[in-house]
Amino acid sequence: MSASSPAQAQNLVNGEWHNTKGSRDIPDPMNGEAFIKLPDPQIDEIQPYVESLRSVPKSGMHNPLKNPERYNMYGDISMRAAEEMRKKEVEDFFTHLLQRVVPKHDTQARAEVTVTRRFLENFSADQPRFMARSFGVSGDHAGQMSHGMRWPWGPVGLVTPFNFPLEIPALQLMGALFMGNKPLVHVDHRVSIVAEQFIRMLHHVGMPKTDLDYIQGNGKVVGEILKQGHPRSTLFTGSQKVAEQLAVDLKGKVYLEDAGFDWKILGPDVMDFDYVAWQCDQDAYAATGQKCSAQSILFQHSNWVSKGLEKKLADIASKRSMDNLTVGPVLTWSTEAMLGHVDKLLKIPGARLAFGGKPLKGHSIPKQYGAIEPTAVFVPLQEILKDGNFEMVTTEVFGPVQVITEYSDEQLSMVLEATEKLEAHLTAAVVSNDAQFTQKVLANTVNGTTYAGIRARTTGAPQNHWFGPAGDPRSAGIGTPEAIRLVWSCHREIINDVGPVPSGFNGVTT
């Protein structure tokens, strides 16, 4: 991809890749040059997508009683896609493509490819039909048996963000397909070309081209398709504001994995100091802080403070560089917006700049994107809890900015009060091997993905465990059979009752 010949992206509907009447140029986040020519569908072009959604039966493309051979088909597709991604040239292709659209260190980008491949391996062969496993309960009389079945929604929507352009859409669209749905897929326009390439790879390994529709372009246009197409359910991953609007527009028929102001509590037992400091830096600043699971606030027990953790964190953060993309462009917050937020935090009594707080230098990142040093602002715990400060302190900055604070043994209840007041409950970490301390924190918090122990973190690849928020009946999940069953299927009960009719039946009405 170069400025002279931007890559041409396309949309997919009813099995056909196509261009739209208009297009828009996507700027390279490293230098601002146009490097992708993106479809720009308008309202008068959405009818094929609306009709495609409306044409999907509520019973789905397959279910335990209809076209069950498709469970096997998707087991084979998943296996062949994983084999394709094991090829060095394919792994490198996706790794470098990820780095082009959302620049991050090779290790971070390559891990996203690996997680996606391992997910496909996990759900190969018979796994799709095992996820749709039914259960039986004996009836009240001979000939009666109750069967609980996992049933597809049929037509579904899938909307995913920019920060994991391969992993999130790949895992979710595959889950939707495994369970028998036909999804309309939309990925943030800045990175949507990655999912396009993944879908083309699925076609290459045997997925029918009519099994999903893919639309790149304006989110408002996609919202209109969803409103007119009436998907039975829609999975949204992204900002809390958009999530709440989508819930209204789609009359509550949504699953959400929205914003996460994620906390980490360092317990009283100080051990493995260098490792814990390294993990804190990784959680806050890897991928330039653009993870929904990034460490947003760090509660340090006084024992860690006296050990010099803040200085250690500053030293580690200072080693991050544009040269190897351990820090880079921020796609959703400008430099001015991030520094403005830092300035507001510093006006809180007792607050101070721990480190960072300056624009990055020596780069060509376009102005519409952000570029600042890894930053931490210390805010006293008692000030965080004040109503006038709490909302500002707990605003999620989708970039390399975190809040740090200190607490004593007697102030643990204040820390728990802070976690209780938060609205979003995605990830969290309790860094301690003190069993009683850990038990108390875990018992009084609700975050959906919570790590506990001396190696606890807030960020982690969800190929081996559930990942998603808790505390909201709309909470989504990703990465496991349980997550797929929850988001992409519903429960249906079928009671077979074949008789015989009881002897002595007299037809008396009661």
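1. Is Val185 buried or exposed? Val185 is buried, at a relative accessible area of 0%; buried stands for under 20% relative accessible area, exposed for over 50%, and partly exposed for what lies in between (1.4 Å probe, protein chains only). The residue sits in strand β9, which spans residues 182–187. Helices (H or I, at least four residues) and strands (E, at least two) are DSSP runs, numbered from the N terminus. From Val185 to Gln295 there are 110 residues in sequence, and 29 Å in space from C-alpha to C-alpha.

2. On the source: this is a predicted model, in which local features need pLDDT of at least 70 and side-chain atom pairs count only at pLDDT 80 or more, while totals for chains, interfaces and linings use all residues. Residues are numbered from 1 along each chain as its sequence is written, and side-chain values use heavy atoms, with hydrogens and water left out.

3. His62 belongs to the loop between α1 (47–54) and α2 (69–85). Its relative accessible area is 0%, so His62 counts as buried. The side chain of His62 makes a polar contact of 2.9 Å with the side chain of Arg70. A polar contact is a pair of N or O atoms within 3.5 Å; within protein, one must be able to donate a hydrogen and the other to accept it, and residues adjacent in sequence count only if both atoms are side-chain atoms. A polar atom of the His62 side chain also lies 3.3 Å from the backbone nitrogen of Gly180.

4. How many salt bridges does the count come to? The count is 25, where a salt bridge is a side-chain nitrogen of Lys or Arg within 4 Å of a carboxyl oxygen of Asp or Glu. Side chains of opposite charge can pair when their charged atoms come close. The points that follow take up some of these pairs.

5. Lys227 and Glu224 form a salt bridge through their side chains, at 3.7 Å from N to O. The two are about one helical turn apart, because they are separated by three residues in helix α8. Lys227 is partly exposed at 37% relative accessible area, and Glu224 is partly exposed at 24%.

6. The side chains of Asp274 and Lys312 are joined by a salt bridge of 3.6 Å, N to O. This pair links distant parts of the chain, with Asp274 in helix α10 and Lys312 in helix α12 (residues 309–317), 38 residues apart. Asp274 has a relative accessibility of 48% and therefore counts as partly exposed; Lys312, at 27%, is partly exposed.

7. Asp281 and Arg320 meet in a salt bridge of 2.7 Å, N to O, between their side chains. Here too distant parts of the chain are linked: Asp281 is in helix α10 and Arg320 in the loop between α12 and α13 (335–346), 39 residues apart. Both residues of the pair, Asp281 and Arg320, are buried.

8. Which residues gather in a patch of positive charge on the surface? They are Lys58, Arg232, Lys251 and Lys253. Patches are made of residues with over 30% relative accessible area and no salt bridge, like charges being joined within 9 Å and nonpolar side chains (Val, Leu, Ile, Met, Phe, Trp, Tyr) within 5 Å. Lys and Arg count as positive and Asp and Glu as negative, with His and the chain ends not counted; the place of a charge is NZ of Lys, CZ of Arg, CG of Asp or CD of Glu. Accessible areas come from the Shrake-Rupley method with a 1.4 Å probe, and for residues only the protein chains shown count as cover. Arg232 is placed in the loop between α8 (219–229) and β11 (233–237), and is partly exposed at 34% relative accessibility.

9. Backbone geometry deserves a look. Most residues other than glycine have a negative phi, and most peptide bonds are trans. His230, in the loop between α8 and β11, is not a glycine but has a positive phi of about 55°; this residue is exposed, at 53% relative accessibility. Ala287 likewise has a positive phi of about 55° without being a glycine. Ala287 lies in the loop between α10 (273–285) and β14 (295–301) and is buried at 10% relative accessibility. The peptide bond between Gly499 and Pro500 is cis, with omega about 15°, and Pro500 lies in the segment after β20 (490–497).
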